[in-house]
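Here are my notes on the two-chain model, as numbered points. Please read them with the structure open.

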Amino acid sequence: MYLDNALSNEDATQFLNQMQDNPSFNKILEKEQSFRKLIKNNVPRRKVSDDLIKGIMRKISTD
Amino acid sequence: MSDSKELSKVEKDEIFEKEFLPHADALITFGYHLTLFDSSANDLVQETYLKAYRFIDKYDVGTNAKAWLFKIMKNAFINDYRKKSKQPTKIDYDEVVNFLDEGKDDTLSSYQDLREEMFENLMGDEVTNAINSLPVDSRTVILLCDIEGFSYEEIAKIIDVPVGTVRSRLHRSRNMLKKKLQVYAEELGYKDKRKST
């Protein structure tokens, strides 16, 4: 939840304090960060073709 | 929601081009991972934009166009595409699992570990294939959270489930993905030394 920015400020601070006190938690957090980065960097953003956009605009204008 | 004030054609076109069209690439990426086919993804994008335009009076200008469009696409996928392709609707077990999981610590005890060294062996194709092999509800939350950066609350609205369900579904889906990536990495020659000890 921390990595998803889903913790309140107070909970995030408490979480970070716990991380500092426990190196093994820190290792898990680093691994999870790497995993998220792996997903983000390896799922390519697809491109909509100009023809598709033109087709949509044409349909809208004739509606 | 807006008070459904009547917009002129010029106003509608302006909202459409300025607020909706910039999300076309994000939508087709989501559409592709929902349908797993380029042609179906194109159909879904078209349907999403046509519906968005038809109901543009319901959209609050300047708010979260991306989340609104994603919700339309997800509904279009469930209501139209999945029915047309005659895929059976799967039972959503999340509520049952949530009930069973209640009170459990799902942060560490069920954490699926994935060695960082494995990442070096994995390329985009393997990651995409692993995501696409997950059940549609699982790949949906991963895409919405990890690729598109939606918050739990936004995802809950897009897929019509409680925030708690988003949280638990993400946790389970990421674990499933890690297991699949581990299999891919092992097929590519990576050996997890912990297994031999």
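**Notes on the model**

1. Helix 8 of chain B and helix 10 of chain B are roughly perpendicular to each other, a label for angles of 65 to 115 degrees, with under 35 being roughly parallel, over 145 roughly antiparallel and the rest oblique. The axes of helix 8 (residues 136-147) and helix 10 (residues 163-187) of chain B come within 9 Å and cross at roughly 100°. Axes are lines fitted to C-alpha atoms, for helices over the stretch in contact, and angles run from 0 to 180 degrees between N-to-C directions.

2. Helix 8 of chain B makes this contact through B:D137, B:S138, B:V141, B:I142 and B:C145. Helix 10 of chain B answers with B:V166, B:R169, B:L170, B:S173, B:R174, B:M176 and B:L177. Contact requires C-beta atoms, placed from the backbone, within 7 Å. The class count for helix 8 with helix 10 of chain B is 7 nonpolar, 2 polar and 3 charged residues. Nonpolar covers Ala, Val, Leu, Ile, Met, Phe, Trp, Tyr, Cys and Pro; charged covers Asp, Glu, Lys and Arg; the others, Gly among them, are polar.

3. The model is predicted: local features need pLDDT of at least 70, side-chain atom pairs need 80 or more, and totals for chains, interfaces and linings use all residues. Residues are numbered from 1 along each chain as its sequence is written, while chains are lettered from A and ligands numbered from 1 in the order written.

4. Chain A has an average pLDDT (the predictor's confidence in each residue, from 0 to 100) of 85, and 100% of its residues score at least 70. Among the elements of chain A, helix 1 (residues 9-21) has the lowest mean, 80, and helix 3 the highest, 94.

5. Chain B comes to 10 helices and 0 strands. Helices (H or I, at least four residues) and strands (E, at least two) are DSSP runs, numbered from the N terminus. Of the 197 residues in chain B, 32% are buried, with 20 or more other C-beta atoms within 10 Å of their own.

6. Between the chains, 24 residues of chain A contact 28 residues of chain B. Helix 2 of chain A gives the largest share of the chain A side, 9 residues. That side has 12 nonpolar, 4 polar and 8 charged residues.

Definitions and conventions
Contact = placed C-beta atoms within 7 Å. Buried ≥ 20, exposed ≤ 12 C-beta atoms within 10 Å, placed from the backbone.
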